[in-house]
Amino acid sequence: MNLQLTEDGRLRHLLTLDGLPRAILTQILDTAESFMDVGEREVKKVPLLRGKSIFNLFFEPSTRTRTTFEIAAKRLSADVVNLNIATSSQTKGEAILDTVDNLAAMHADMFIVRHAQSGAAHFIARHVAPHISVINAGDGRHAHPTQGLLDMFTIRRFKGEFHNLTVAIVGDVLHSRVARSQIHALTTLGVPEVRVIGPKTLLPTGVEQMGVKVFHNMEAGLAGCDVIIMLRLQNERMKGALLPSAQEYFKFFGLTPEKLALARPDAIVMHPGPMNRGVEIDSEVADGPQSVILPQVTYGIAVRMAVMAMLAGGATA
Ligand code: CP
């Protein structure tokens with residue numbers, strides 16, 4: 001059974017981009033496009049989710065995802081509750097499904113879930129009543145589907161098409177839920193060449209089976225790229241020392257103006273955030289003319305509006 005889709009092929013939950021059909025990905029991107037102008041209006045609201053109650057359940061820290069989900073829900077006129085996990089009854093040992101059941105008893109319509117455990121959002125989606133939708137806002141190293149979607153939206157906005165691009169994902173792919181979601185989306189949308197670049201210790205064994213080309217030399221991997229996606233070193237998920245030092249890492253895998261010059265002259269630089277300047281990216285690049293890192297954040301609002309609107313069964317601005 002596909003937990004994410006209804007029998008007639010509509011989105012029921014958004015848990016992963018793995019296996020999601022190209023038509024659904026494109027529908028989300030097109031719907032997000034139709035929401036882009038809402039943020040420019042004097043009254044930044046549409047009534048699509050009026051009367052709906054959306055609960056943000058973030059068991060892990062977040063700046064961009066939690067905030068843009070909240071803004072997106074408010075722009076759709078939903079009521080949003082941000083459960084403060086640190087002051088919730090989770091600290092008294094309440095089981096996650098008991099927390100979910102209690103919030104469902106308050107007539108929740110949608111849960112947005114971030115959790116350190118891979119599979120947490122699936123676990124909740126399997127449990128909730130049929131009228132409740134679950135969106136995975138990042139689970140362990142498994143998936144971060146709305147980040148993957150907003151990255152595709154950004155690429156489409158700046159590059160127009162997917163079918164003629166070379167895209168490089170650089171850094172700690174091993175611990176990255178974002179990279180996994182990006183790779184699924186890029187290959188589904190027809191990007192002919194997806195590269196992963198990093199030291200052996202930070203690339204998953206067998207990553208080639210996801211349809212990517214592997215480079216351990218950054219200069220070789222960046223040659224001719226249209227899109228460069230930098231990843232953070234996810235120290236919180238590393239077990240043991242996988243790198244000699246941050247300085248050494250920056251020397252070989254940090255994106256500097258000199259390394260960027262090896263990509264196509266019109267290449268864009270992306271980063272999901274949070275960024276560690278001087279570790280994976282030089283400030284001159286992060287703040288430079290080829291960086292689209294802040295537009296990624298802005299587009300995240302329209303993309304999250306699109307996902308929530310489609311889950312709720314309505315999808316036009
Ligand atoms: N990209 C991302 O997930 O950022 P946050 O951790 O700030 O939500």
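Predicted model: local features only at pLDDT ≥ 70, side-chain atom pairs only at ≥ 80, totals over all residues.
**Domains.** I began with the division of the chain. The protein chain splits into domain 1 (22-143 + 298-311) and domain 2 (145-296). I looked up the spacing next: the centres of domain 1 and domain 2, taken over C-alpha atoms, are 26 Å apart. For the interface I noted 28 residues of domain 1 in contact with 29 residues of domain 2.

**Pocket.** I then asked where the ligand sits. The ligand takes up the space of the largest pocket.

**Shell.** I listed the residues around the ligand: Ser62, Thr63, Arg64, Thr65, Arg114, His144, Gln147, Pro272 and Gly273. Sorted by type, the shell holds one nonpolar, six polar and two charged residues. I also checked which domains supply the shell. Domain 1 (22-143 + 298-311) and domain 2 (145-296) each give at least three residues to the shell around the ligand.

For Thr63, a polar backbone atom is 2.8 Å from an oxygen atom of the ligand. For Arg114, the atom is in the side chain: a polar one, 2.9 Å from an oxygen atom of the ligand. For His144 I likewise noted a polar side-chain atom, 2.9 Å from an oxygen atom of the ligand.

Methods
Residues numbered from 1 in each chain as written. Heavy atoms only, no water. Near = heavy atom within 4 Å. Polar contact = N/O pair within 3.5 Å; in protein donor to acceptor, adjacent residues only side chain to side chain. 1 Å grid on protein atoms, 1.4 Å probe; cavity = no way out; pocket = protein on both sides within 12 Å on 5 of 7 lines; lining within 4 Å. Sits in = over half its atoms within 2 Å of the grid points. Nonpolar A, V, L, I, M, F, W, Y, C, P; charged D, E, K, R; others polar. Domains from an automatic or database assignment. Contact = heavy atoms within 4.5 Å.
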